[in-house]
Amino acid sequence: MKTLSTPVATASVILGASLLVATPASAEERICRGTIGAVTLDNVKVPSGATCTLKGTRVKGNIVVNSKATLRANGAVVNGNIQSEGHRLVVVNNTRVGGSIQLKQGGGLTVSANKVEGDVQIFSNKSGTKTIRNNRIDGNLQCKSNTPAPIGSGNVVDGNKEDQCRRL
């Protein structure tokens, strides 16, 4: 017995098969220019050259600061990491970070009065003051090849204080 395929039957098979394939859920990325207050976001990206201020903002994922960008986070909650390569300025104050803070090859920075569940890594930042003080860090505090060297005190670190940060 011979069966004929109709356009409707073919479309039904294709549609049914496509429903069986699960598509991954993607977290939304919020581009930040200006100020964001006490809202909950998935991920935050500060584009090159932009300035972003987070005041009491909750970030379920990560914050990425692009080159020549500025981030000011005050009283924020970040479940993931704060990462930058080539930033102009990063200020993280009175913020809870579930991951790590990784700032490299950028400019000035202040990391103060934070609770960080991962590491704080400050590498190869060449301009501006680098201040790290009064943080509670569950991982390591690692600073290397920064000019000038970071300054600060009062950091409680469960892991190791290394290189330029060994006395902070």
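Reply: A residue counts as buried when its relative accessible area is under 20%, as exposed when that value is over 50%, and as partly exposed in between, with a 1.4 Å probe and with protein chains only taken into account. The areas themselves come from the Shrake-Rupley method with a 1.4 Å probe, and for residues only the protein chains shown count as cover. The model is a predicted one, in which local features need pLDDT of at least 70 and side-chain atom pairs count only at pLDDT 80 or more, while totals for chains, interfaces and linings use all residues. Residues are numbered from 1 along each chain as its sequence is written, and side-chain values use heavy atoms, with hydrogens and water left out.

Of the 168 residues in the protein chain, 39% are buried, and the accessible surface comes to about 9000 Å², with 51% of it belonging to carbon and sulfur atoms.

A salt bridge here is a side-chain nitrogen of Lys or Arg within 4 Å of a carboxyl oxygen of Asp or Glu, and five of them are counted by this rule. One of the pairs is Lys115 with Asp138, whose closest N and O atoms are 2.7 Å apart. This pair links distant parts of the chain, 23 residues apart, since Lys115 belongs to strand β15 (residues 115-116) and Asp138 to the loop between β18 (136-137) and β19 (141-144). Lys115 counts as partly exposed because its relative accessibility is 29%, and Asp138 is partly exposed as well, at 28%.

Asp138 also meets the side chain of Arg136 in a salt bridge, at 3.6 Å from N to O, and Arg136, with 32% relative accessibility, is partly exposed. Arg136 in turn forms a salt bridge with Asp158, where the closest N and O atoms lie 3.0 Å apart. That pair, too, links distant parts of the chain, with Arg136 in strand β18 and Asp158 in the loop between β20 (156-157) and β21 (161-163), 22 residues apart. Asp158 counts as partly exposed, at 48% relative accessibility. Through shared partners, the salt bridges join Lys115, Arg136, Asp138 and Asp158 into one network.

Strand β18 also holds Ile137, and this residue is buried, with a relative accessible area of 0%. When its neighbours within four places in sequence are left aside, Ile137 is in contact (heavy atoms within 4.5 Å) with Val116, Gly118, Val120, Val156, Val157 and Asp158. The C-alpha atoms of Ile137 and Gly159 are separated by 7.8 Å, although the two residues are 22 apart along the chain. Across the protein chain, among contacts with a separation of 6 or more, residues 24 or more positions apart account for 3%.

Elsewhere, an open sheet is formed by six strands in the order β2-β5-β8-β11-β14-β17, with parallel pairing, two strands being paired if DSSP finds at least two bridges between them. Its edge strands, each pairing on one side only, are β2 (34-36) and β17 (130-133). Strand β14 (residues 108-112) runs parallel to β17 and is joined to β17 by four bridges, and Thr110 has Thr131 in β17 as its bridge partner.

Conventions: Helices (H or I, at least four residues) and strands (E, at least two) are DSSP runs, numbered from the N terminus.
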